[in-house]
Every structure is written in structure tokens, then in C-alpha cells.
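Happy to walk through this one with you.

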Amino acid sequence: MAEKHETNNETTSSSASEHASGEVLLVVDAAAERSYRRKLDAYLLPMLSVMYLFNAIDRSNLGNAKTDHMDVDLNFRANQYSSLILLFYVPFGLLDLPLSLLTKRFSGKTMLPVLMLGFGSMATLQTAAKSFGGMLALRLILASFEAGFYCSVVFYLTLFYTRAELSFRIAIFFGSALLAAAFSGLISFGVFQINDPKIHGWQFLFMIEGLATVLCAVFAYFWLPARPETAWFLTAREREAATARTLRDGSRKVNTKLNLREAFATWRSWQFVLWCIICFTYPVAFSTTSNFLPQIVARLGFSVVKTNLWTVAPNCVGSVVLLCFAKSSDYFRERAFHIIGALTLSLIGMIILAGIDVLNNKGIAYFACFLMAGGAYVPSVLVHSWLNNNDLDESSRAARTGFLVGLGNLAGIISGATFRVEYAPKYLPTLAATSACNVISILAVLTMSIWMRRENAKKNKEQGRVLRAQDVDTALLQDGEKSPDWRYFV
């Protein structure tokens with residue numbers, strides 16, 4: 001790098017050259033950039049994926065435990081199982097924002113292992129629950145630790161990857177949650193065949209998965225770097241390339257301190273309200289699919305063991321579909337229509353389940369489960385990639401991601417509240433509410449996309465030139481959306 005200017009410990013520019021259209025483009029050492037990206041994919045991404053695998057297992061294994069009659073062993077009454085799921089989402093949604101801001105303040109290196117240690121410990125202690133009240137207390141504390149994990153990792157990844165790389169990497173990380181459902185199903189398949197006169201199969205399940213989470217948390221603390229500039233696995237050249245990359249296509253400044261004024265600066269705009277609508281509606285399909293897929297499959301009339309085994313395939317297919325959508329979205333630098341396509345896919349699956357006699361059409365019903373899993377998970381990756389692609393301030397990204405992920409987590413209440421025993425076996429209210437949320441989300445995403453495209457076209461017409469988001473270095477956009485050369489990443 002030719003030069004580096006630093007003001008108040010905030011890096012704002014690097015070596016530069018003139019582009020033909022007049023913009024200044026940062027020069028990045030190509031070889032160092034390739035090496036840097038390979039090391040991130042080899043050292044950082046797998047660790048985060050394994051951590052999220054355990055996060056998802058500890059959160060969603062309640063459905064597997066129920067298939068082993070946990071609710072009977074703990075003397076649950078009426079809708080107490082649904083209440084257990086519903087109340088989980090209260091702290092799970094309310095604590096995302098403060099925990100995300102703490103991640104910005106203290107770094108992912110510190111916060112992510114601490115959160116993991118917390119929810120791993122609570123998952124293990126579920127083994128000792130003797131009643132609904134005891135299990136509820138443990139689930140609420142577990143939810144408090146799990147709350148900030150996903151949003152914190154999304155923010156954490158924006159510090160390392162560029163806008164054009166972000167979606168696929170979040171998909172790889174997030175895809176481990178889908179594999180978690182499959183993995184937990186396989187573990188359940190084996191564990192539930194253990195015959196012990198004193199310990200139930202679901203207790204073995206919580207114990208094994210919880211202790212593995214705790215061990216992973218300890219290891220992660222020594223493995224994760226705080227920022228690219230301090231990563232133990234990078235060379236000096238790669239660290240310089242990391243800074244230049246981020247200023248070229250990621251942030252307007254790097255290595256900034258938490259600034260609460262900047263964090264909430266964009267919350268007064270009407271676009272933020274539209275983001276809230278999108279982020280409150282799309283996750284309902286995810287919650288319905290992830291929490292109740294074992295129960296949906298159980299409606300097909302299979303045994304406990306086969307029910308857990310048959311949940312594996314839809315989740316594996318969902319993982320593949322997620323990666324394909326994310327890779328395509330990054331390649332074409334397009335988010336909105338990929339999100340709409342995924343929401344439509346899961347919507348079709350739910351309409352099929354609502355419209356058929358499941359017991360007399362098992363093959364069609366099982367196919368609908370694949371459609372639900374294939375479409376329900378994609379928006380969780382692409383929506384937050386899209387949101388962060390259009391936010392160049394680190395503090396703002398931490399706050400918005402935390403709040404909007406939390407809002408989406410609260411939306412899980414809709415799924416939990418409508419999935420009641422009296423609605424079995426079709427669960428029409430659940431499917432109807434989830435389908436309605438998908439439709440609202442599709443309309444909101446379409447509105448946001450049309451507005452962004454029109455704003456880009458308007459600026460291009462006024463300036464007499466065609467610019468795209470990738471044509472201007474983010475380091476030059478110090479005024480954000482008010483900068484003359486700003487173009488929305490659509």
C-alpha cells in the first residue's frame with residue numbers, strides 16, 4: 001500500500017488511482033487479497049459455522065425432545081409445549097439490539113464465545129428439569145444468551161467481507177443451522193434408542209448437545225480474531241489488503257469506536273419502517289418450519305424414530321437451495337428478486353399443506369415440506385445482506401441488524417401462538433398466518449426494490465452518467481445516502 005491516513009484511530013483511505021469515469025478507486029494488492037479471502041474461508045468461516053450449528057441445535061432440539069415424549073415425562077398440560085416455544089421468543093427478540101451493540105463495543109472475539117458458553121450451559125441444565133416451570137425458566141435464560149448470536153455474527157462478518165462476498169458467506173454460516181436440524185434428527189435417531197431405566201432419551205439428547213456446545217465456546221475464544229487488523233492467521237500484507245478492501249466495497253471508515261448517535265441516525269426514515277415490516281414478516285415461515293417440522297412430519301403417521309429421520313432430507317435440501325440462492329445473489333449483485341423467489345417457494349409449500357388431506361396424500365405432503373424448507377431459510381440471509389450492503393457505518397450496522405433480527409425473532413410468537421393442539425392435525429391457523437406474512441413480506445420487498453431502483457435511475461439521469469453501487473468506493477461516500485455518488489445496492 002502506498003499510503004494510509006488515520007484520524008482518531010479511524011482508517012479512512014488507502015492508496016488510490018483515477019478511474020475513467022472520475023471516481024477514485026482504491027488499489028488493493030490482488031495476490032494479498034486472494035490469500036486473505038482464502039484464509040477467511042479456511043479459518044474464520046468454519047469456526048463460526050460450527051458455533052452456529054450448536055446454537056441452532058440447542059435452540060431447536062425441543063421439537064426432537066417432544067417426539068420422545070418429553071412433554072409427557074414433565075407432565076405438560078394442554079398447550080404448555082406451545083407456550084414454551086412462544087415465551088422463548090420474548091427474550092430472544094428483545095435482547096438482540098443490546099447484545100449486538102455490545103459486540104460492536106467489545107468485539108466478536110469476546111462476545112460470541114461468552115454468549116455460546118451461556119446458552120451451552122443452559123442447554124445442558126435442561127437435563128435436570130422436573131416440570132414445566134423448571135424447563136420454562138431454563139429456556140428463557142437460554143433464549144437470553146442465544147438472542148444476540150446471529151445478529152452479532154452478521155455484523156462481525158461485515159468487518160471481514162465485502163458487499164459482493166457477504167451473502168454467500170452468511171449463507172454458509174447460516175446453512176449450518178439447517179444442517180443442525182438434520183444433525184439433531186440423526187443424533188435423536190441414535191440417542192432415543194438408548195434404554196435406560198433412570199434417564200430418558202431426551203435427557204441424553206440435551207446433555208450430549210449442551211456439553212459439546214460448552215467445549216466449543218472455550219475453543220472459540222482462543223480462535224476468533226477481533227478484527228482483520230489483529231487476526232493471528234494474517235500477514236502484514238493481508239491485513240493492509242483487508243483494510244483497503246473494506247474501504248473499497250464495505251464501509252466508509254474502519255476500526256471505529258461505538259457511536260450511539262451514528263448507530264440510530266437512520267431510524268427516523270420511512271425506509272426503516274419498511275425494513276421493520278420486512279423483518280417482522282419473513283421470519284414467520286422460518287419459525288414455523290424449524291420449530292414444527294418434526295410435528296408436521298409426524299402427521300404423516302410415522303414412528304418416533306422415523307419421524308426424526310425423515311426431517312433430515314428437507315433440511316439438507318433447504319441448505320443446498322440456500323447456498324444456490326446466495327451465490328446467485330452475490331454473482332448478480334441482486335437481492336430483492338431472490339428474496340421474493342424464496343418467499344414464493346415456501347408460500348407454495350404451505351398452501352399445498354393447507355389444501356390437502358395429509359394422511360391420504362403423504363407423498364404430496366412430504367414434498368410440500370421440501371418446498372417450505374427450500375424457501376423459508378433464504379430470506380434470513382439475503383434480507384440482512386441487503387440491509388447491511390446499504391449501510392456503510394459500523395455502529396449503524398450493529399444497531400440496525402440487532403434491532404431487525406430481534407424484531408424477526410419476536411415474529412416467532414405468531415408461529416408459536418397459532419400452533420396449538422386443538423388445531424391438529426392440519427394446523428390451518430398456523431399455515432394461514434404464516435402464508436399471510438409471506439405475502440406481506442413479498443409486497444414490502446418489492447416496494448423497497450422499486451424505490452431503490454428509481455432513486456438510482458433518478459441520480460443517473462440528473463448526473464448524466466450511469467453509476468452502480470460497485471462503481472464507487474465506499475470510502476468516498478462519507479455522507480452515506482446523501483453523497484452525490486451514492487447508489488443503492490439493490
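The questions below concern a predicted model, and each answer sets a value against its cut-off.

Q: Why is the pair of tryptophan 202 and phenylalanine 206 called edge-to-face?
A: Good place to start. Ring centres must lie within 6.5 Å to pair, and planes over 60 degrees apart count as edge-to-face. The centres of tryptophan 202 and phenylalanine 206 are 5.9 Å apart and their planes stand at 75°, so the pair is edge-to-face. Both residues belong to helix α9 (residues 201–223), where they sit four residues apart, about one turn of the helix.

Q: What makes Tyr52, Phe119, Phe149, Tyr150, Phe173, Phe174, Phe286 and Tyr377 a cluster?
A: Ring pairs link these eight names together.

Q: How do you know that the charged end of lysine 66 sits over the ring of tyrosine 81?
A: The charged atom has to be within 6 Å of the ring centre and within 35 degrees of the ring normal. For lysine 66 the distance to the centre of the tyrosine 81 ring is 5.2 Å, and its charged end does sit over that ring. Lysine 327 likewise lies over the face of phenylalanine 168, with 4.8 Å to the ring centre.

Q: Which residues have the most contacts inside the largest nonpolar core?
A: They are Leu48, Met51 and Phe174, in a core of 137 residues. Helix α1 (residues 30–67) gives the most to this core, contributing 14 residues. Setting aside neighbours within four places in sequence, leucine 48 touches Leu112, Val153, Tyr156, Leu157, Phe173 and Leu224.

Q: Why does leucine 404 count as buried?
A: The label calls for under 20% relative accessible area. Leucine 404 has 0% relative accessibility, so the residue counts as buried. Cysteine 279 also counts as buried, because its relative accessibility is 0%. Leucine 404 lies in helix α19 (residues 394–410). Beyond its neighbours within four places in sequence, its contacts are Phe272, Trp275, Cys276, Cys279, His384 and Leu387.

Notes
Residues are numbered from 1 along each chain as its sequence is written. This is a predicted model: local features need pLDDT of at least 70, side-chain atom pairs count only at pLDDT 80 or more; totals for chains, interfaces and linings use all residues. Side-chain values use heavy atoms; hydrogens and water are left out. Rings of Phe, Tyr and Trp (its six-membered ring) pair if their centres lie within 6.5 Å; planes under 30 degrees apart count as stacked, over 60 as edge-to-face and the rest as tilted. Helices (H or I, at least four residues) and strands (E, at least two) are DSSP runs, numbered from the N terminus. A nonpolar core is a set of buried Ala, Val, Leu, Ile, Met, Phe, Trp, Tyr and Cys residues joined through side-chain atoms within 4.5 Å. Buried means under 20% relative accessible area, exposed over 50%, partly exposed in between (1.4 Å probe, protein chains only). Contact means heavy atoms within 4.5 Å.
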